[in-house]
Amino acid sequence: MPVVLAVPALLGLGFLVLPLAGLLIRTPWSSLPQRLTAPGVLEALRLSLVTATAATLLCLLLGVPLAWLLARTTFPGRRLVRALVTVPLVLPPVVGGVALLLVFGRRGLIGGWLDETFGITLPFTTTGVVLAEAFVAMPFLVIAVEGALRGADARYEEAAATLGAGRWTAFRRVTLPLVAPGIAAGAVLCWARALGEFGATITFAGNFPGRTQTMPLAVYLALEQDLEAAIVLSLVLLVVSVAILASLRDRWITSP
């Protein structure tokens with residue numbers, strides 16, 4: 001590798017790795033077991049895992065058909081739709097939380113109707129956490145699945161159609177198996193993004209222990225009171241994220 005590329009590559013690697021190394025170095029290992037079993041830590045971790053998984057399932061349910069629509073069909077305004085789908089990637093999460101409040105709040109466009117008709121309140125609930133995480137994480141899934149669909153050979157679907165398979169059968173029996181690695185990769189990225197979501201969650205769902213306080217919110221609260229507690233919570237998030245990404249990446253993503 002040329003030096004002109006090796007030097008910035010190593011600097012980039014150091015820029016990404018050194019903060020993680022600093023976290024490991026500053027971790028209070030001697031008091032780690034006591035801090036991990038402190039009140040609220042396990043509850044925040046459980047809530048984070050549950051809500052991130054639920055948000056990922058919601059993204060799969062809605063995002064895979066959306067990715068198929070963008071990749072396999074042509075309609076007026078498709079570029080605008082694709083741009084709107086990717087807006088949460090660049091939108092500040094706090095702004096996303098405000099937008100969710102304006103739509104799903106008690107006086108929101110949909111939230112008011114849900115409250116009056118069914119008595120359903122979404123803000124400041126666990127369901128609100130799932131919605132906030134899904135809002136910021138779904139673009140990762142859609143982009144990954146759309147890329148996989150564009151890279152898949154459409155001739156297999158055409159062959160299935162010539163053999164009498166309907167659109168749904170071809171999608172279920174041919175298309176999904178073809179793009180399964182892309183779906184898995186998108187789901188992993190989506191789950192990891194949902195696990196680390198902070199801004200939209202605290203704005204739309206609040207920070208209530210046991211109900212909406214996920215691990216990132218617990219880190220933020222601990223940072224104001226106890227730095228070592230914040231470090232321990234951050235370490236837990238780091239370990240969970242790395243373990244999930246490492247285990248699933250080797251299983252589902254094939255390296256070139």
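A pocket, as the word is used in these legends, is an open set of grid points with protein on both sides within 12 Å along at least five of seven lines. The model shown in every view is predicted.

View 1. The chain holds 13 helices and 0 strands, so that, read from the N terminus on, its elements run α-α-α-α-α-α-α-α-α-α-α-α-α. Taken along the principal axes, the C-alpha atoms fill a box of roughly 65 × 65 × 30 Å.

**View 2. The largest pocket and its lining.** The largest pocket has a volume of about 400 Å³, and 16 residues line this pocket, of which W68, E157, R167, F171 and T175 lie nearest its centre. The elements that each give two or more residues to this lining are α3 (41-72), α8 (155-162) and α9 (167-178), and the largest share, 6 residues, comes from α9. By class, the lining of the largest pocket divides into 10 nonpolar, 2 polar and 4 charged residues.

**View 3. The second largest pocket and its lining.** The second largest pocket has a volume of about 310 Å³ and is lined by 16 residues, with L100, L131, A134, F135 and M138 lying nearest its centre. Two or more residues of this lining come from each of the elements α3, α4 (78-90), α5 (93-104) and α7 (126-151). The lining of the second largest pocket is made up of 15 nonpolar residues and 1 polar residue, with no charged residues.

**View 4. Spans annotated as transmembrane.** In an unreviewed UniProt entry, the annotation "transmembrane region" covers residues 47-71, 83-104, 124-145, 174-194 and 229-248. Over residues 83-104 the model is 91% helix and 0% strand, and the end C-alpha atoms of this span lie 22 Å apart. Residues 124-145 are likewise 91% helix and 0% strand, with their end C-alpha atoms 31 Å apart.

**View 5. A nonpolar patch on the surface.** The residues L10, L13, F15, L16 and V17 form a nonpolar patch on the surface, and together they have about 570 Å² of accessible area. One of these residues, L13, is found in helix α1, which covers residues 3-26.

**View 6. A salt bridge between R35 and E228.** Side chains of opposite charge can pair when their charged atoms come close. The structure holds 6 salt bridges, and in one of them the side chains of R35 and E228 meet at 3.0 Å, N to O. Because R35 lies in helix α2 (residues 32-36) and E228 in helix α13 (residues 227-252), the pair ties together parts that are 193 residues apart in sequence.

Technical notes
Residues are numbered from 1 along each chain as its sequence is written. This is a predicted model: local features need pLDDT of at least 70, side-chain atom pairs count only at pLDDT 80 or more; totals for chains, interfaces and linings use all residues. Side-chain values use heavy atoms; hydrogens and water are left out. On a 1 Å grid over the protein atoms alone, a cavity is a set of points where a 1.4 Å probe fits but cannot get out, and a pocket is an open set with protein on both sides within 12 Å along at least five of seven lines; lining residues have an atom within 4 Å of a point. Grid points are joined across faces, edges and corners, and a volume is the space filled by probe spheres set on the points. Helices (H or I, at least four residues) and strands (E, at least two) are DSSP runs, numbered from the N terminus. Ala, Val, Leu, Ile, Met, Phe, Trp, Tyr, Cys and Pro count as nonpolar, Asp, Glu, Lys and Arg as charged, and the others, Gly among them, as polar. UniProt positions are given in the numbering used here, feature names are shortened, and annotations may be inferred rather than shown by experiment. Patches are made of residues with over 30% relative accessible area and no salt bridge: like charges are joined within 9 Å, nonpolar side chains (Val, Leu, Ile, Met, Phe, Trp, Tyr) within 5 Å. Accessible areas come from the Shrake-Rupley method with a 1.4 Å probe; for residues, only the protein chains shown count as cover. A salt bridge is a side-chain nitrogen of Lys or Arg within 4 Å of a carboxyl oxygen of Asp or Glu.
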